Amino acid sequence: MLPLAAGLVVARFSDHASARNVEGRLASSFAIPGVAGKSTAAGNSPNSSPPMLKAGIVGLPNVGKSTLFNALTRSRKAAAANYPFCTIDPNVGVVTVPDERLDRLEAMFRTGHAIATTIEFIDIAGLVAGASQGAGLGNQFLANIREVDAIIHVVRCFEDPDVVHPPGEIDPVRDIETVSTELVLADLESVRQRLDKVQKKARGGDKEAHAELHLLERLQPHLNANRPANTLPVHEDEARLLRHFHLLTARPVLFAANVAETGLGTAASNPRVQAVATHARTHHDAAYLVVSAKIESELAELSVEDAAAFLQDLGVAEPGGAALIRAAYSLLGLITFFTHNEKEVRAWTVRRGTKAPQAAGVIHTDFEKGFIKAEVVSCEDLHRLGSIHAARDAGRYRLEGRDYAIQDGDVALFRFNP
C-alpha cells in the first residue's frame, strides 16, 4: 500500500524588501518612501523589516498543490528589483498580493511605479501517514508547520482518471480528516509533554502554571475527540496561553476546494464542494473558497488580455489564485495601507488594529520613535473625490494621533520628529 503523503508550502507575507536609513528631518516634514539615505541589509540593524507572517499550504498528494504553487509563482512573480529576497532559493516563490486600489492610486498620482505587498511561498518536504510519530520526513514537516501562522488546506474535488488519487475514490471530507488527524495526534503528544512539566510547577504554587494546567486539562480531551485546538472555546487570557503552546491545529485554517477546469462556473452546486464547505464550518470553524489549479496553470501562460478573455468565457470574474492570496492575507489578520511620493506608490502590511506610530515604524523605526501625527485619507474617499486637494476641501483628509488604529485602505503621510 502506498504511503499517504502530503506536501507543505509555506507563505510569508512581507511589506517591503529591505530597511532604509533616512536623513534627519524637521518635525514638520513627511515620512514617505523614497527618501534619501543609505540602504541597509534587512536583519542587520534596528531598522530591519518586521518578521514576515507565514501561511502554509497543505494537502494530500495529487490534489493540485504543486500545480497551484507553480502557477502562482509564474503569474504573479514579484520583480527582483523591488524584492531582493525573491531569489533566495529555487523552491521559493515571491508573488504580489493583488490590490486594485494600488493601481488606481498609481494612476491618480502618476508616479510610474507601484510596489505591492507580497506573499512568499516556500515548498517544503511532505507529510506521510504516521508523521506524528516521526515517520518519513514527519519530524521535519511538523517542525516547519509549527513556524507558520495560518494554514491553507487544498482539497481535491475533481475527477481525472489520468491523475491517481492514492486513497481511492474522491472523498474530500475523508482527505481533510487524514491530514487533520496527523496534526491532532502531534498536538496531543505536545500537550502530554507540557502537562508533565506544568503539573510540577502548579504543585509549587505557580499561578501562571495553574492557569496553564487548567487550559491543558480542557484541551487534552478536546483533542482526544479529534477536534482541532482552534475550535476550543477560550477567553482572552487562555487565547494568549494557547498561542504559546505552538500547537499545529491552533492555527486558523482556510480550505481551498480544487475543482476541474469545467467545474469552476458551477462549483456552488458541486456536491464535493458543498461537503467541504459544510465540514469546514462545522468541524473546523473555518471558511473555504473554490479554485481550479488547472485553470490557474493555463492563465499563467497567457497575456493579461488573453487571460481576461479566457475568464470571461468561463463566466468567472477573476482568477481563483488572486482570491486565495487575499483570503490568506485576511486569514492572517492583515490589512494594507498606502504611501506615495513623486517616485512611487507603495502598499504596506500591518496587523489589523495596529496604531499609527507602529504603522509608521513598519516603514522606518525612526518614524515610530519620533511620531507626531499621521495625515490620513481613505482610498475610497480619495478615488471618489479625485485628489488630495479635493479631499481636504471636503473634510475627508484628517490629522490622527497616537491612538488612531490604521484602517485597511488608508493613504497615510507621517509627521515625525527626528
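Q: How many aromatic pairs does the count come to in this predicted model?
A: This is a predicted model, and aromatic rings are taken as a pair if their centres lie within 6.5 Å. By this rule the count of aromatic pairs comes to three.

Q: Which kind of pair do the rings of F337 and F414 make, stacked or edge-to-face?
A: The ring centres of F337 and F414 are 6.0 Å apart, and planes over 60 degrees apart count as edge-to-face. The planes of these two rings stand at 85°, so the pair is edge-to-face.

Q: How far is the charged end of R346 from the centre of the ring it sits over?
A: The ring in question belongs to W348, and the charged end of R346 sits over this ring. The distance from that charged end to the centre of the ring of W348 is 5.0 Å.

Q: Is E238 buried or exposed?
A: E238 lies in helix α6, which covers residues 236-245, and a residue counts as buried when its relative accessible area is under 20%. The relative accessible area of E238 is 6%, so this residue is buried.

Q: Which residue has a side chain joined to that of E238 by a polar contact?
A: Leaving aside neighbours within four places in sequence, E238 is in contact with H214, L215, R218 and P233. One of these residues also has a side chain joined to that of E238 by a polar contact of 3.0 Å, and that residue is R218.

Q: Within what arc do the buried residues of α6 fall when seen down the axis of the helix?
A: The buried residues in α6 are E238, L241, L242 and F245. Seen down the axis, these residues line one face of the helix, because they fall within an arc of 105°.

Q: Which helices do the buried residues of α6 pack against?
A: The face of α6 turned away from its buried side carries the exposed residues E236 and R243. The buried residues of α6, in turn, pack against α4 (172-203) and α5 (207-224).

Q: Which residue with a positive phi follows α6?
A: Most residues other than glycine have a negative phi. The residue that follows α6 has instead a positive phi, near 55°, and this residue is H246.

Q: What distance separates the C-alpha atoms of I388 and F109?
A: I388 is found in helix α14 (residues 388-393), and with a relative accessible area of 18% it is buried. Leaving aside neighbours within four places in sequence, I388 is in contact with F109, V377, L382 and Y397. Although I388 and F109 are 279 residues apart along the chain, their C-alpha atoms are separated by 9.7 Å.

Q: Which residue has its backbone nitrogen 3.2 Å from a polar atom of the side chain of D171?
A: D171 lies in the loop between β7 (150-156) and α4, and it is partly exposed, with a relative accessible area of 29%. The backbone nitrogen that lies 3.2 Å from a polar atom of the side chain of D171 belongs to R174.

Q: What is the relative accessible area of R110?
A: R110 is found in the loop between α2 (100-109) and β5 (114-115), and its phi is positive, near 55°, in a residue other than glycine. R110 is exposed, with a relative accessible area of 73%.

Q: In which loop is D285 found?
A: D285 is not a glycine, yet its phi is positive, at about 50°. At 63% relative accessibility, D285 counts as exposed. The loop in which D285 is found is the one between α7 (271-284) and β9 (287-291).

Key
Residues numbered from 1 in each chain as written. Predicted model: local features only at pLDDT ≥ 70, side-chain atom pairs only at ≥ 80, totals over all residues. Heavy atoms only, no water. Phe/Tyr/Trp six-rings, centres within 6.5 Å; stacked < 30°, edge-to-face > 60°. Lys NZ or Arg CZ within 6 Å of the ring centre and 35° of its normal. Helix = DSSP H or I, 4+ residues; strand = E, 2+ residues; numbered from the N terminus. Buried < 20%, exposed > 50% of the residue type's maximum accessible area, 1.4 Å probe, protein only. Polar contact = N/O pair within 3.5 Å; in protein donor to acceptor, adjacent residues only side chain to side chain. Contact = heavy atoms within 4.5 Å. Arc of directions from axis to C-beta.
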